[in-house]
2 protein chains.
Amino acid sequence: MITGKNQIGNTLSALSKNTFRTFNPALSIANEPLFYEASDQEIEKAMQLADEAYATYKNVSGAQKADFLDSIADEIIKIGDVLISTYIAETGLPEGRAIGERGRTVNQLKAFAELLREGSWIEATIDTALPDREPVPKPDIRKMNIPIGPVVVFGASNFPLAFSTAGGDTASALAAGCPVIVKSHPLHAGTGELVAAAIAKAAAKTQMPNGVFSNLNSSGIEVGQKLVSHPLTKAVGFTGSFKAGKALLDLAAQRKEPIPVFAEMGSVNPVILLREALQNNSKELATTYAQSITLGAGQFCTNPGLLIGLQSKALDQFIALLTDQLNAISPSCMLHPSIQQSYENNKSTLIAQSGVQQLTTSNLELTANYGLPSLTTVSGSDFINNPQLHQEVFGPLSLLVRCKNIAEALQVINSLEGQLTGTVMADKDDISHYPQLIDSLSQKVGRLIFNGAPTGVEVCPAMTHGGPYPATTDSRFTSVGTAAIYRWVRPLSYQNWPDALLPDALKNKNPLQLYRRVNGALTNTAI
Amino acid sequence: MITGKNQIGNTLSALSKNTFRTFNPALSIANEPLFYEASDQEIEKAMQLADEAYATYKNVSGAQKADFLDSIADEIIKIGDVLISTYIAETGLPEGRAIGERGRTVNQLKAFAELLREGSWIEATIDTALPDREPVPKPDIRKMNIPIGPVVVFGASNFPLAFSTAGGDTASALAAGCPVIVKSHPLHAGTGELVAAAIAKAAAKTQMPNGVFSNLNSSGIEVGQKLVSHPLTKAVGFTGSFKAGKALLDLAAQRKEPIPVFAEMGSVNPVILLREALQNNSKELATTYAQSITLGAGQFCTNPGLLIGLQSKALDQFIALLTDQLNAISPSCMLHPSIQQSYENNKSTLIAQSGVQQLTTSNLELTANYGLPSLTTVSGSDFINNPQLHQEVFGPLSLLVRCKNIAEALQVINSLEGQLTGTVMADKDDISHYPQLIDSLSQKVGRLIFNGAPTGVEVCPAMTHGGPYPATTDSRFTSVGTAAIYRWVRPLSYQNWPDALLPDALKNKNPLQLYRRVNGALTNTAI
């Protein structure tokens with residue numbers, strides 16, 4: 001049963017009189033029950049508990065943390081159908097998506113558990129002493145990664161499971177040894193509460209300290225601001241809009257002790273359509289892109305919002321096919337009336353810009369809260385000269401830029417801000433003719449994709465879900481994949497430290513059997 | 001011959017009428033020649049050239065960059081005696097220090113050259129495809145580190161060679177593939193020019209693009225501010241005061257595109273003196289610390305500015321010995337009259353605080369610009385209650401805090417801000433009795449030292465010269481040791497990218513013979 005209360009460590013709490021409900025966009029009705037806004041007292045309690053938990057949790061072994069993460073995964077599955085039905089009621093997304101996202105979330109937790117058991121994320125590095133070195137002896141220096149402290153995670157509107165309560169930010173921070181305080185997303189507070197309860201159960205079962213996890217409700221921005229400003233907070237994970245992410249970044253920079261903010265703030269994910277690809281595969285390509293643009297009602301940070309083509313018959317044919325396909329796709333329910341309204345507003349602003357034309361049919365009778373797929377187009381020169389056209393329209397929309405030639409396409413790419421992904425649709429021969437294009441694109445993105453769609457972000461060690469500002473606030477880190485753990489750690493070195501007092505990861509005998517870099521060479525043997 | 005001009009790519013330039021001179025603090029005279037402030041036009045030129053150079057330099061092979069770094073090292077040695085005499089004339093530091101620091105600088109460049117030849121810094125990670133995976137195929141994803149773009153480096157007053165023109169920041173950024181623009185430190189502009197010329201020669205000899213390096217003169221703060229604010233700057237390296245570092249951090253955060261600032265801003269480097277160590281080795285300890293406190297006139301960021309002892313006969317004896325030793329050490333010339341004046345002012349402020357007592361003799365007749373070694377003392381409770389006492393006094397001074405017991409020592413440690421280092425002087429038995437003390441100290445520092453002095457920062461893979469704010473602006477990175485390269489890179493992933501078009505580091509055949517993480521396992525074999 002969903003209580004509407006805040007999960008503060010191992011207790012439920014509802015001190016505030018301020019309440020809110022979530023909304024079912026498919027049925028246009030408010031959901032039960034009432035959710036209680038986190039009060040200042042509850043924020044303080046969650047932060048104090050997190051700080052206390054950190055004192056022991058930071059020293060919990062990798063094997064024990066792995067059991068905790070596995071247990072969270074198990075408890076999420078055990079919630080059963082109510083998790084799926086709550087997810088659907090709070091998002092308007094279909095059952096298949098809910099089940100898929102649950103699977104992704106559980107697999108993510110298990111991937112971090114595996115990483116902890118394997119241990120390489122500690123990056124143990126040892127340089128042994130040279131006592132006879134002249135003119136001064138070389139000391140013994142050993143280094144490993146340690147957790148940085150309590151982490152505040154913001155739930156994302158568009159991924160109630162995989163990027164929210166027990167999503168990638170939480171899983172990676174808990175894996176690193178950092179307690180987590182989640183600012184639950186108000187659109188899916190019920191889903192959040194169910195998952196928070198699963199985490200609390202897992203923490204109790206695996207004897208984790210009270211306060212290792214808390215989940216706070218809030219329908220506004222104040223709770224999040226207070227969490228980011230709280231002196232005990234050591235880092236922030238966020239997925240959402242540029243406006244909100246930038247506000248948190250600025251807030252964190254103004255603290256007495258500035259802290260890192262890892263905000264993933266969306267992207268238009270440019271796709272370059274080279275000639276031969278269009279000539280050979282235009283139908284298949286149109287199908288791929290019609291599906292990618294409308295996947296999840298276009299509510300993905302990797303949605304292909306910008307298609308860049310070279311004027312040609314093949315491009316005209318592709319445009320016609322893609323327009324037909326998008327016209328034929330039924331509109332999907334969006335996450336909330338406010339999101340659907342923003343989509344309509346941003347689309348109208350886009351279409352009102354000089355030279356922009358909408359290609360898809362726009363006179364369909366729409367169910368409330370549904371987003372109509374849209375393909376718009378503009379010339380390369382109009383695009384280059386109007387930064388408004390570079391902005392993301394969150395929803396099932398793509399802007400196709402028609403370039404006169406490769407030189408103009410290059411200008412279009414160079415005019416872009418930082419992006420999560422950049423895709424090239426091409427034949428292999430085709431692509432090898434334009435090294436400058438690829439080189440320029442690589443400077444703008446965190447992930448390059450060949451002949452695919454940017455939607456779909458694999459959870460694996462080699463994934464970069466990140467990119468230059470303003471796609472994220474820190475291009476040096478990813479928020480998806482096991483490397484996401486590095487956001488929550490810092491190195492600590494030990495000089496001439498007695499072996500018995502070193503952490504196990506750095507002891508001569510290598511009791512954890514880690515691969516360590518010893519005097520420059522990787523080895524898992526003892527010293 | 002020193003020209004006083006700015007090194008802008010491969011040309012010398014002196015457009016400004018604003019000039020300044022460096023100063024010989026040992027002789028109290030201004031040095032020849034005049035240095036020309038970098039003009040706005042010269043700043044713009046250096047940044048444009050750096051950006052153009054980046055287009056090719058980012059793709060230069062590791063082997064070629066290694067040759068460039070080795071060549072810089074060679075050219076620095078070839079400067080010969082004039083480098084040493086200029087260094088001495090601009091700093092008042094002794095010849096041995098000048099020669100030692102040159103050796104360190106050259107070895108640092110060579111260490112990064114070796115790192116480039118070895119290649120592990122690229123962190124090549126490959127997850128191969130699973131085309132038959134259900135419900136969706138797994139794509140091939142490959143990741144490596146790439147350089148982020150032009151880096152602005154600020155020369156440090158106290159290390160004209162090792163932390164300035166061709167110091168650790170420059171060496172690591174050039175190794176990463178980032179062009180460097182140095183804001184030369186005005187106290188040693190001549191030393192800077194000589195080293196800049198060596199870098200320019202090495203760049204020409206090894207066919208590096210024009211603009212891969214520039215060196216700009218400035219006696220004020222405006223040139224540095226303009227460089228940090230310049231849209232083509234992608235990151236900043238700085239070593240110096242908290243005030244200056246924080247100002248740069250704020251400036252970078254206010255840019256349209258915020259950029260990372262790696263500022264190392266000093267530290268009081270707490271040293272905990274446990275009972276048995278004092279009982280058994282007080283004389284040796286006093287000698288070690290008298291030398292560490294006065295090394296380089298105390299002008300080190302790792303200077304032991306804070307000694308924490310437990311009230312006892314052994315502590316009293318140690319204090320007496322250390323006081324005697326410091327009284328017997330001749331004052332050293334400080335870097336500049338302004339630095340000597342700051343030292344005197346900060347010392348006076350410290351001594352004026354409630355409960356602070358100066359133990360060393362302070363009535364010596366001093367040569368101008370010389371800094372008198374000083375030992376001061378205060379009780380644990382006075383220290384905890386007065387944040388002014390937590391501030392660094394840059395110079396040959398240490399504050400010894402007398403704690404009633406271990407509990408108070410723990411309170412002292414917990415009251416501290418972030419530090420570069422924390423040292424424990426103890427017997428092995430001794431230290432194992434106070435796990436809480438070590439645990440708390442580890443939360444405050446980047447490097448823990450057992451029975452040693454914090455001065456002396458080994459250049460090696462396991463070194464962390466960094467630490468929690470305000471010791472640095474980013475505790476996740478080091479500014480000394482080969483790991484310093486990670487400040488200037490970001491990951492880029494390739495999805496289903498054609499093998500022939502992948503960078504060599506990620507190709508199936510592994511032509512660079514790198515150790516790569518392939519499907520989770522480290523291997524240097526082909527795929």
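UniProt positions are given in the numbering used here, feature names are shortened, and annotations may be inferred rather than shown by experiment. This is a predicted model, in which local features need pLDDT of at least 70 and side-chain atom pairs count only at pLDDT 80 or more, while totals for chains, interfaces and linings use all residues. Residues are numbered from 1 along each chain as its sequence is written, chains are lettered from A and ligands numbered from 1 in the order in which they are written, and side-chain values use heavy atoms, without hydrogens and water.

**Figure 1. The annotated domain span of chain A.** An unreviewed UniProt entry lists residues 18-459 of chain A as "domain: Aldehyde dehydrogenase". The span is 45% helix and 18% strand, and its end C-alpha atoms lie 38 Å apart. Helices (H or I, at least four residues) and strands (E, at least two) are DSSP runs, numbered from the N terminus.

Figure 2. Chain B is superposed on chain A by a rotation of 180 degrees with 0.0 Å of shift along the axis, at an RMSD of 0.0 Å. This is the relation of a two-fold axis. B:Ala253 has the C-alpha nearest the axis in chain B, 3.6 Å from it. The superposition is by least squares on the C-alpha atoms of residues with pLDDT of at least 70 in both copies. Of the interface residues of chain B, 99% are also interface residues in chain A, so the copies meet through the same surface.

Figure 3. All 7 of the 7 residues of E23(B), residues 489-495, are buried (under 20% relative accessible area; exposed is over 50%, partly exposed in between; 1.4 Å probe, protein chains only). In a regular strand the side chains alternate between the two faces of the sheet. One side of E23(B) carries B:Val489, B:Pro491, B:Ser493 and B:Gln495, and the other B:Arg490, B:Leu492 and B:Tyr494. E23(B) pairs with strand E8 of chain B (residues 141-147) in the antiparallel sense over 7 bridges, with B:Lys143 opposite B:Ser493. E23(B) also pairs with strand E22 of chain A (residues 445-450), in the parallel sense over 3 bridges, and here A:Leu448 stands opposite B:Tyr494. Two strands pair if DSSP finds at least two bridges between them.

**Figure 4. Aromatic rings.** There are 21 aromatic pairs over all chains. The ring centres of B:Phe154 and B:Phe238 are 5.8 Å apart and the planes stand at 70 degrees, so this pair is edge-to-face. B:Phe154 is in strand E9 (residues 151-154) and B:Phe238 in strand E12 (residues 235-239) of chain B, so the pair ties together parts 84 residues apart in sequence. Both B:Phe154 and B:Phe238 are buried. Rings of Phe, Tyr and Trp (its six-membered ring) pair if their centres lie within 6.5 Å; planes under 30 degrees apart count as stacked, over 60 as edge-to-face and the rest as tilted. Ring pairs also link A:Phe262, A:Phe477, A:Trp488, B:Phe262, B:Phe477 and B:Trp488 into a cluster.

Figure 5. B:Val195 lies in helix H6 (residues 189-205) of chain B and is buried, at 2% relative accessibility. Leaving aside neighbours within four places in sequence, B:Val195 is in contact (heavy atoms within 4.5 Å) with residues including B:Ile76, B:Leu83 and B:Leu161.
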